[in-house]
Amino acid sequence: MPLLELIGVSKSFGRIAAVEQVSLTVERGEFFALLGPSGCGKTTLLRLVGGFERPDKGRIVIDGEDMTAVPPYARPVNMMFQSYALFPHLDVAANIAFGLRQEGMERGRRLARVEEMLALVQMTGFERRRPHELSGGQRQRIALARALAKMPKLLLLDEPLAALDRKLREETRLELTGIQERLGTTFLVVTHDQQEALGMASRIAVMNQGRVVQVGRPAEIYERPASRFVAEFVGAVNLFEGAVASASGETVLQVPDLPSPLPVPAGTGFQAAAVLAVRPEKIRLRPDRPTGFALPATVCSVGYQGALSVVHLEAGSARRRLSVHLASAAARDLPRGSPVWASWSAEDGVLLTR
Amino acid sequence: MNEIGRLGRAVLIGFPYAWFGLFFLLPLLIVLKIALGRSADAIPPYISPLSWSHGGLAFDPTLANFRDILCGGCMRAYGASLGTAALATVLCLLAGYPIAYAIWRSPPLWRNLLLFLVMLPFWTSFLIRVYAWMAILQPSGLLNRVLLAAGLIEAPVPLLYNGFSLQLGLLYSYLPFMILPIYGSLSQLDEALLEAAADLGARPWRVLAEVVVPLSLPGIGAGALLVFVPAVGEFVIPDLLAGPGNLMIGKLLWAQFFENRDWPEAAAIAVLMVAGLAVPILVAQRVIGRERPA
C-alpha cells in the first residue's frame with residue numbers, strides 16, 4: 001500500500017487552475033520531489049496534502065485513509081514551511097514541543113523528545129534561544145526539528161533550502177538526506193531547483209502548468225526527458241527541430257539550417273516534426289573531422305566555471321548556438337573563432353515530439 | 001556640512017522634546033503651581049505660591065489642597081473612576097478583539113470597508129452621538145419601546161442615568177480605540193504561523209489562545225491604554241449618561257472648578273490624576289515594549 005495517493009486532484013483559485021487532474025503515488029520511505037518552475041502548482045499540491053487547501057475534485061489518501069476532507073490538525077503529516085514559520089514568542093524548546101503539547105504528551109517525555117530532536121539537527125544547547133536570536137541556517141534546523149518532533153508518517157518540505165546561501169545549501173542537502181535515511185520518514189519536498197531535486201530525491205515528479213508531466217528517478221528524468229519542457233527545465237540542453245526521414249538508408253533528423261543530418265536513436269519512426277535533445281556534456285569537440293557524423297562549428301566563447309567550462313559554438317547557415325560542457329583542461333586550447341567539429345553518438349540524443 | 005547635519009539632528013530630536021515640554025510639562029507645572037496655592041476671593045480665584053516680594057522671588061506653597069482630597073470623598077471618586085475605567089477597558093477588549101479579529105480574517109476587499117465603518121462615527125460630533133444614546137435609552141426612548149412592543153418587558157426599564165448607561169456610553173465611544181491597535185497588531189502577523197500551528201495539531205481555538213493572542217499583546221496593550229487613560233478622566237459621558245451614584249473624578253474636578261470655584265483643589269485633583277495614570281502607562285509600555293524585533 002502506498003503511503004500517499006493522489007487521485008485525480010484538481011484545485012482552482014477563481015478562474016486559474018493551480019492543480020489539474022494530478023494523480024501520484026508516493027511509497028513509504030521515499031524522498032519524493034515535486035519539481036517545476038514557479039507557478040506550476042507544486043506548492044498548491046503540497047498544501048493540498050497538508051490540508052491547507054481543499055481540492056475541488058479528486059481524493060487524497062494517506063496511509064490507506066481518505067484525508068480529502070480532514071483538517072490539517074488531524075492529519076498524520078507535518079510541514080516545514082518555506083519561511084520556517086517559527087513562533088517568535090516561544091523559545092526553541094517550546095517551538096519544538098508545540099506539536100507534542102497539542103497531543104497532550106506528558107512533560108518528561110516531551111522534554112526528552114525535544115532533546116532528541118535537537119541532537120538530530122545538531123542544535124543541542126539552543127533550547128532557550130528565541131527564533132530572532134538564530135541565524136538562517138539555525139532556524140532552518142529548528143523548523144526541521146519541530147516538523148519531525150511528532151514523528152509524522154509524511155514530512156512535507158516547502159523549498160527547504162531556498163533561503164540558505166549556496167555553501168550552506170549543499171551541506172544542508174546532505175544532512176536532509178542523511179536524516180531522511182536515518183529516520184525512514186517519507187519526505188515530500190517542493191523545489192524549483194533542478195540541481196536540488198536531482199541531488200536529493202529518490203523520485204521526482206516534474207510539474208508544469210498544474211499538471212504532472214513526468215515522474216521518474218533523477219537519472220531517468222535527466223537522461224530520458226519525456227517532453228521538450230522537461231528537457232529544457234531539467235539541466236541545460238541543445239534542441240534541434242526538424243523532420244525524421246530516411247537518408248542513404250539510415251533514419252536521421254533533417255534540420256534545414258544544418259549542413260548534415262543528425263543521428264537519432266535506433267528504432268525511431270519517421271515523423272514530419274520532431275525535436276532532438278542533446279545534453280551539453282554529451283557533445284565532443286575535435287579539431288579534425290572524425291569519421292561518421294560531425295557538425296562543423298566555430299567557437300564563440302568559453303565560459304570558465306571551475307572544473308567545467310561552457311563552450312558556446314555557432315553552427316550552420318542560421319548561426320545556431322550550441323552549448324557544450326567540457327573539462328576546463330580540454331577547453332583551454334579552444335581560442336575564440338577557431339573551427340571545430342562537434343559530434344555525439346546517436347544514443348546520446350533523445351527524440352521528443354514537438 | 002557636518003555642522004549642518006549635527007544641527008539638523010539636534011532639531012529633529014529636539015522637536016518632540018520641545019513639543020512635550022511646551023504642551024505637556026509646562027501646563028502641568030502651571031497646574032501644579034495652582035495646586036500648591038491658596039483659594040481666595042480674587043480673579044483668578046487663588047493666591048499663587050510664587051510671588052515677588054522684597055525684591056526677590058518668594059515660594060510659599062501649601063499642601064492643604066492635597067491633604068483635603070486625600071481625606072475627603074475625593075479618594076472614593078478616584079477609586080470609582082479607576083474601577084469604571086478598568087471595567088470599560090475590559091468590556092472594550094471583549095467586544096473589540098473579536099471585531100478586530102473578524103476584520104483581519106475577512107477578504108482583503110472587505111477589510112478596508114470594515115475599517116472605514118469602525119472609524120465612521122468619528123465623522124459625527126461626539127456630543128451628538130452621546131445625546132443620541134440619551135434619546136435611545138430614556139424611559140420613552142427607542143430601546144424601551146422596542147422591548148415593550150416585543151413583549152419582553154411590561155413597563156419601561158430604567159436604562160439611563162445608571163452604571164449601565166455609563167458603561168454603554170464608554171464602550172460605544174472608546175471601542176474604535178481598542179479595535180484599531182489590535183487590528184494593526186494582527187495584520188502584522190504572518191499567516192504561515194497559523195498554518196504551522198494547525199499543522200502541528202492545534203485546533204482553531206488553541207491556535208487563537210497560543211499563537212494569535214500572545215502575538216497581538218502589543219496591540220492589546222496599546223488599545224487598553226488608549227481606552228483606560230482617557231476613560232479615567234472622562235467628563236462628558238458620566239455627566240450626560242451616568243446617575244448620581246456614579247461618582248467620577250472628571251465630574252468632581254469640573255464641580256470644584258466651575259461650581260465651587262476652588263481652583264487650587266481642582267488643580268490638586270488633576271495633578272494626582274496625572275500622577276496616578278503614569279503608573280498604568282508605564283506598565284502598558286513595558287508590555288508593548290516587549291515587541292519582538294523583526
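Predicted model: local features only at pLDDT ≥ 70, side-chain atom pairs only at ≥ 80, totals over all residues.
**Domains of chain A.** Begin by colouring residues 4-232 of chain A as domain 1 and residues 236-353 as domain 2. The C-alpha centres of these two domains of chain A are 39 Å apart. Where they touch, domain 1 of chain A contributes six residues and domain 2 of chain A contributes six residues. On the side belonging to domain 1 of chain A, two of the residues are nonpolar, one is polar and three are charged.

**A helix pair in chain A.** Next, select helix α2 (residues 92-102) and helix α3 (residues 107-120) of chain A; their axes come within 9 Å and cross at roughly 125°. The crossing of α2(A) past α3(A) is right-handed. Display the side chains at this contact: A93(A), I96(A), A97(A), L100(A) and R101(A) come from α2(A), while R110(A), R113(A), V114(A) and M117(A) come from α3(A). Sorted by class, the contact of α2(A) with α3(A) comprises six nonpolar and three charged residues, with no polar ones.

**Between chains B and A.** Finally, show both chains and select their contact, to which chain B gives 18 residues and chain A gives 18 residues. On the side of chain B that touches chain A, α8 (191-199) and α9 (204-215) of chain B each supply at least two residues. The most is given by α8(B), with six residues. Colouring that side of chain B by class shows eleven nonpolar, one polar and six charged residues.

Key
Residues numbered from 1 in each chain as written. Chains lettered and ligands numbered in written order. Axes fitted to C-alpha atoms, helices over the stretch in contact; angles between N-to-C directions. Helix = DSSP H or I, 4+ residues; strand = E, 2+ residues; numbered from the N terminus. Left-handed = near helix turned anticlockwise from the far one by under 90°. Contact = placed C-beta atoms within 7 Å. Nonpolar A, V, L, I, M, F, W, Y, C, P; charged D, E, K, R; others polar. Domains from an automatic or database assignment.
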